[in-house]
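Please look over the sequence and the model before reading on.

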Amino acid sequence: MLLMLVTLLCSVSTARACLQCDRKIRLLHEDFALSAPTVDDQIELKKICDHAYQTYRETSRERKGVIDPTTLYRAKTEYQSEFDRFLKTKHTGSVTFEAIMIMEKGRKILEKHLDTFMQDGLCPNKCGLLRRRIMDCFSCRYKIYICPSPSGQQDCGEYPVQAEEGGQALLNCFHPWHRLLLGRPEYHYSWAPGVPETQKLNESDFSTLIVTEDSTVVLNQLHVNEQGTYRCSLQSRNGTIFYRVTFLLTVAPSPEQDQRPVVTLPPPPHRDTYSPFQSTKGLLVPVIAVVTTLSLAASVGLTVVLG
């Protein structure tokens, strides 16, 4: 009966400490308490558990008392590995002293992971509104945590984009912290035609291009008249804006095709009676005379020889 009471007290205490929000960790502590050789040792272990859980709560409270599932998993896995190694090691000293040491190691593991989470993981949004789910370290229940925009607004800047006519432009609206948002927010792309930054635009100047769960849009076969101010807005289904960014797209006209040079023939000689066949006609007469003379000479020669 006393063993059951010690186990129950340890289990109740663990429900309020951040590291012990995991069932496997609670079972580790329960088994450890039951393994004590004497009832007195079990009572001492119960006191050590109570003190350790109090230090865990204080460590969590100093760091806003919240944790996300990823950080809790990392802390739990590391602590479980250390605890398994502790159980497999042969101890020659006092069991209570060894218990204090392993519980303190658990507090340091929790502290290390919470420090990292507070610095980089709790509110990673440098601009924009983040509404996420985290675990309360005292109730061990999930709750909604809101990280307001550090800049105080959801508009997160303008980015110039340049392209050539006939080419393409990539508009990427994604930030890694978008994955942490509750629900299934969508990316709303809209645009206002015209040369960017040449006129003041109103909300009515923008027309919707596409609403999608994909953060990236590719514009292909661009024309000059497609340049303008493009806007991406990440919104919830009820219209809450979490993040918005503007792309200033400029489309340069394609260079004109090079024209082939026209080949100009040289002018003919300055003679009115010029004909391309004149020189050939003038050469035919002497050629015929030579051929005729040679034929006569050959005939005379043959007559003398045969005669």
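## Overview of the chain

Of the 307 residues of the protein chain, 36% count as buried, where buried means under 20% relative accessible area, exposed means over 50%, and partly exposed lies in between (1.4 Å probe, protein chains only). The model is a predicted one, in which local features need pLDDT of at least 70 and side-chain atom pairs count only at pLDDT 80 or more, while totals for chains, interfaces and linings use all residues. Residues are numbered from 1 along each chain as its sequence is written, and side-chain values use heavy atoms, with hydrogens and water left out.

The secondary structure of the protein chain consists of six helices and 10 strands; helices (H or I, at least four residues) and strands (E, at least two) are DSSP runs numbered from the N terminus. The accessible surface of the chain is about 19,800 Å², and 56% of this belongs to carbon and sulfur atoms. These areas come from the Shrake-Rupley method with a 1.4 Å probe, and for residues only the protein chains shown count as cover. Contact means heavy atoms within 4.5 Å. Among contacts between residues at least 6 apart in sequence, 71% join residues at least 24 apart.

The axes of helix 2 (residues 23-34) and helix 3 (residues 39-61) come within 9 Å and cross at roughly 150°. Helix 2 is therefore roughly antiparallel to helix 3. Axes are lines fitted to C-alpha atoms, for helices over the stretch in contact, and angles run from 0 to 180 degrees between N-to-C directions. Angles under 35 degrees count as roughly parallel, over 145 as roughly antiparallel, 65 to 115 as roughly perpendicular, and the rest as oblique.

Helix 2 contributes His29, Phe32, Ala33 and Leu34 to the contact, and helix 3 contributes Gln42, Leu45 and Tyr53. By class, the contact has five nonpolar, two polar and no charged residues. In this scheme Ala, Val, Leu, Ile, Met, Phe, Trp, Tyr, Cys and Pro count as nonpolar, Asp, Glu, Lys and Arg as charged, and the others, Gly among them, as polar.

Tyrosine 53, found in helix 3, is buried because its relative accessible area is 0%. The side chains of tyrosine 53 and histidine 29 are joined by a polar contact of 2.9 Å. A polar contact is a pair of N or O atoms within 3.5 Å; within protein, one must be able to donate a hydrogen and the other to accept it, and residues adjacent in sequence count only if both atoms are side-chain atoms.

## Residues in loops

Glutamate 165 occupies the loop between strand 4 (155-164) and strand 5 (169-172). With a relative accessibility of 29%, glutamate 165 counts as partly exposed. Its side chain reaches the backbone nitrogen of serine 254 at 3.3 Å. Not counting residues up to four places away in sequence, glutamate 165 touches Leu222, His223, Val224, Val251, Ala252, Pro253 and Ser254.

A polar atom of its side chain lies 2.7 Å from the backbone oxygen of glutamine 153.

Aspartate 214 is in the loop between strand 7 (207-212) and strand 8 (216-219). At 52% relative accessibility, aspartate 214 counts as exposed. Leaving aside neighbours within four places in sequence, aspartate 214 is in contact with Tyr187 and Tyr189.

Most residues other than glycine have a negative phi. Lysine 64, in the loop between helix 3 and strand 1 (66-67), has a positive phi near 70°. Lysine 64 is exposed, with a relative accessible area of 55%. Cysteine 140, in the loop between strand 2 (130-136) and strand 3, has a positive phi near 60°.

## Pairs separated in sequence

Glutamate 111 lies in helix 5 (residues 95-121) and touches Thr59 and Arg63, not counting residues up to four places away in sequence. The table lists C-alpha separations, including one for glutamate 111.

| Pair | Separation along the chain | C-alpha distance |
|---|---|---|
| Glutamate 165 and valine 224 | 59 residues | 6.1 Å |
| Glutamate 111 and threonine 59 | 52 residues | 6.4 Å |
| Tyrosine 53 and methionine 103 | 50 residues | 8.7 Å |
| Aspartate 214 and asparagine 172 | 42 residues | 9.4 Å |
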